[in-house]
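Please read it alongside the sequence and the coordinates.

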Amino acid sequence: MYEAYTALVGNVVTHPVRRSLPNGQQLVTFRMASTARRLDRGSGDWVDNGTVYVTVNCWRRLVEGVGASLSVGDPILVYGQLRSSEYRTREGHSRQDLELRASALGPDLGRCTASVLRRGSHGKPAGPVFSDAVVAPSAHEPGRPSPESAESLVAALDADASGRG
């Protein structure tokens, strides 16, 4: 079986299901959809270019966080080991399924907002790790991007993100 590590961007399409295995381990499983988008040069619009559906399996430390955090429709990023599995249906048909054994998973902050609650923080949300500091034009240092180039970078990123919808 070929195994590759990959990251997928998509949406949760089934409710996460938590299972207890006979050996005592916990597992959370759900399905996600990842749709590629492309720019149609004729119309200038972004159009869907195929969807891949993947079963995501979450083990160990991910079980608690995923089970408490995800719902159908949530935009997510998942990183893990991609596997292909074959099975037979009750009717005897051969099928294949893509599975992603997740190592890391989180919200796609380009398409949603999220609050972070770190484990062991006794229910207290973590504070922000950055501030909205304003850089005065006189504070520009040689070798660092100017505020004008930073604004153009933000505009380019916003334009790129709008295409991912």
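1. A residue counts as buried under 20% relative accessible area, as exposed over 50%, and as partly exposed in between. The model discussed here is predicted.

2. Tyr79 has a relative accessible area of 39%, so this residue is classed as partly exposed. Tyr5 reaches 51% relative accessibility and therefore counts as exposed.

3. How many aromatic pairs does the ring criterion give? The count comes to 1 aromatic pair. This pair is formed by Tyr5 and Tyr79, with 6.0 Å from centre to centre and 25 degrees between the planes. Planes under 30 degrees apart count as stacked, and the pair of Tyr5 and Tyr79 is stacked.

4. Where in the chain do Tyr5 and Tyr79 lie? Tyr5 belongs to strand S1 (residues 4-12) and Tyr79 to strand S5 (residues 75-88). The two residues are 74 residues apart, and their pair links distant parts of the chain.

5. Strand S5 also pairs with S6, in the antiparallel sense and over 13 bridges. Within this pairing, Gln81 has Arg101 in S6 as its bridge partner.

6. S5 and S6 form a hairpin, with 5 residues between the two strands. Gly92 lies in the turn and has a positive phi of about 90 degrees.

7. In which sense do strand S4 and strand S6 pair? Strand S4 (residues 46-59) and strand S6 (residues 94-107) run in the parallel sense, paired over 3 bridges. Thr55 stands opposite Glu99 in S6.

Technical notes: Residues numbered from 1 in each chain as written. Predicted model: local features only at pLDDT ≥ 70, side-chain atom pairs only at ≥ 80, totals over all residues. Heavy atoms only, no water. Phe/Tyr/Trp six-rings, centres within 6.5 Å; stacked < 30°, edge-to-face > 60°. Helix = DSSP H or I, 4+ residues; strand = E, 2+ residues; numbered from the N terminus. Buried < 20%, exposed > 50% of the residue type's maximum accessible area, 1.4 Å probe, protein only. Pairing = 2+ DSSP bridges.
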